[in-house]
Amino acid sequence: MKDHDPRHSGLDAFLKEPLARVLWSRRTRRVPRGYDVPAGSASYRSKAAPMPLGKLEEAILIAATGATGLTMPDRPWQDETTGAPIMSKPNLVMDGRTAGSPDNAQGTYFFMINDEGTYFIRHLPPPDPGADPWSEELLLSRAEAAKVRLLDHRIDVPSGMRDFPAYLDSNRFLSNRPGTTLFFPVVDLSHQYINGLMYLLTQPDKARPALIDDRNFYRPAGTRKWIQNGFLNKDIKLPLGAVYQMRTEIEASLLMQNLFLVTEALGLGAWIHGAISPPVLMGDPKFRGRFGSMLGFDYVSPKWRFMDLLRWHCLPVRAMKHVRSHAIGLRHRGEALIRCKCPPNYASMSEAVDTVIAGKFGPGGLYKSADTFESIYKGDFGARYLAEAAEYDEDVIACCRDICSYIFDTHGRFPAHCDAIHAPGIWLQAHHVEEEYYDQLFRNGTTERQRGHLARWHS
């Protein structure tokens with residue numbers, strides 16, 4: 001680690017914090033500086049004013065959600081018994097991130113909310129390998145490059161509507177208040193849903209599952225031809241409901257834990273809790289009449305079909321019009337910040353599948369970039385990997401197209417058994433701690449990190 005300017009004592013202290021101590025002392029501290037706590041005989045009244053995080057503090061938190069370098073395709077390339085090539089190129093990207101995700105899909109995006117506005121956080125490429133990733137200059141410049149200002153104010157519901165379905169119970173008193181910074185994650189599942197299906201279909205002969213639709217009487221999910229010709233094993237039945245989200249949603253939870261540990265190392269207070277209800281916050285049409293468009297995600301609502309009565313217990317009445325709506329993208333000033341791999345973003349599911357394939361194996365695709373793998377491997381091992389590790393064969397791609405097309409044609413949306421954009425429904429709030437409250441009521445309410453934070457960061 002390079003030496004840092006001694007004027008940045010807070011950054012230096014953060015970089016020197018041992019993980020074991022941070023992990024052991026991680027605690028939720030809900031009360032931000034400047035806030036009262038009405039609690040009967042344990043009530044507390046603050047003498048301080050709310051104090052927002054500084055730019056550098058927020059930049060460190062943004063960095064904790066982002067790319068950190070290049071990951072490694074450290075997996076076998078061939079079957080150990082037959083020597084035949086096996087599909088060893090499942091990754092969607094090779095950029096490493098502070099948390100893992102299935103096939104390195106990195107479908108998680110964050111919104112940051114503070115007193116100055118509501119921001120979308122872009123995915124940036126990793127910093128230059130020769131740069132110090134923890135220099136103040138780089139942290140601040142990358143944070144500014146990542147932020148897309150969606151609103152010039154803190155997103156919220158009107159003060160008189162801070163109850164369910166917007167906020168849960170006591171959360172409404174301390175959550176998303178002036179002086180706090182929040183990180184709200186959403187996960188695009190659609191890209192990895194397609195990629196994960198193809199990886200599933202690369203299993204050896206007799207080990208490829210026959211996908212069936214548990215929302216359509218357990219009939220083949222576009223797989224009848226592939227079961228009959230023996231490509232799929234009819235005795236290994238896999239319901240689409242079991243496939244569900246392809247575990248892609250796990251990345252968001254891992255990143256939230258990382259963020260929490262970073263706030264602890266910085267000496268801030270942090271709190272992972274229920275966000276404004278995602279359908280409200282994201283602008284689901286069921287709630288726009290009451291709360292407005294909020295973050296303004298693009299939603300689609302499948303047209304009602306007679307079989308929906310049996311498949312989804314959905315009636316053709318006005319109140320049910322948007323019951324199966326889901327978000328499929330986010331645009332800002334003409335730019336697609338999130339664009340799910342499904343119609344109407346693409347003309348068909350076949351086109352969406354082909355787009356995923358092209359992003360990996362087409363001209364300019366990930367696995368056509370010799371420079372990327374030369375940067376990962378020593379010597380000529382990168383070239384060997386690209387030449388010897390197998391890609392998806394035509395049957396895998398064609399079967400995946402059939403499954404994805406079946407899902408959309410049958411249910412009017414893709415995916416059908418989960419949303420294209422998953423919102424875990426939580427956010428992390430970071431804030432300066434109301435130290436006197438914790439000192440007055442609790443044993444070991446704060447650590448030296450919280451007690452020394454203002455002197456290190458805001459003296």
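The model is predicted, and the chain in it holds 18 helices and 15 strands. Its radius of gyration is 24 Å, close to the 23 Å that the globule rule gives for 459 residues, so the chain is as compact as a globular protein of that length.

**The chain as a whole**

- Taken along the principal axes, the box filled by the C-alpha atoms of the chain is roughly 75 × 65 × 40 Å.
- Of the 459 residues in the chain, 51% are buried.
- When contacts with a separation of 6 or more are considered, 75% of those in the chain are accounted for by residues 24 or more positions apart.

**Surface and charge**

- The chain has an accessible surface of about 21800 Å², and carbon and sulfur atoms contribute 52% of that surface.
- Among the side chains there are 55 positive and 53 negative ones, and the centres of these two sets are 6 Å apart.

**Helix 4 and its buried side**

- Helix 4, which spans residues 136-146, has Leu138, Leu139, Ala143 and Ala146 as its buried residues.
- These residues lie on the same side of helix 4, because they cover an arc of only 130 degrees around the axis.
- The cover over the buried residues of helix 4 includes helix 1 (9-15) and helix 3 (55-63), together with strand 4 (117-121) and strand 5 (147-151).

**Threonine 223, a buried loop residue**

- Threonine 223 sits in the loop that runs between strand 8 (219-220) and helix 7 (224-228).
- Because its relative accessibility is 0%, threonine 223 counts as buried.
- Once its neighbours within four places in sequence are set aside, threonine 223 is in contact with Leu211, Leu232 and Ile403.

**Lysine 368, a partly exposed loop residue**

- Lysine 368 is found in the loop between helix 13 (349-361) and helix 14 (370-376).
- With a relative accessible area of 46%, lysine 368 is partly exposed, whereas threonine 223 is buried.
- If residues up to four places away in sequence are not counted, lysine 368 touches Lys360, Phe361, Gly362 and Glu391.
- Although lysine 368 and leucine 386 are 18 residues apart along the chain, their C-alpha atoms are separated by 7.8 Å.

Note on methods: Residues are numbered from 1 along each chain as its sequence is written. This is a predicted model: local features need pLDDT of at least 70, side-chain atom pairs count only at pLDDT 80 or more; totals for chains, interfaces and linings use all residues. Side-chain values use heavy atoms; hydrogens and water are left out. Buried means under 20% relative accessible area, exposed over 50%, partly exposed in between (1.4 Å probe, protein chains only). Helices (H or I, at least four residues) and strands (E, at least two) are DSSP runs, numbered from the N terminus. The arc is that of the directions from the helix axis to the C-beta atoms. Contact means heavy atoms within 4.5 Å. The radius of gyration is taken over C-alpha atoms; the globule rule is 2.2 Å times the number of residues to the power 0.38. Accessible areas come from the Shrake-Rupley method with a 1.4 Å probe; for residues, only the protein chains shown count as cover. Lys and Arg count as positive and Asp and Glu as negative; His and the chain ends are not counted. The place of a charge is taken as NZ of Lys, CZ of Arg, CG of Asp or CD of Glu.
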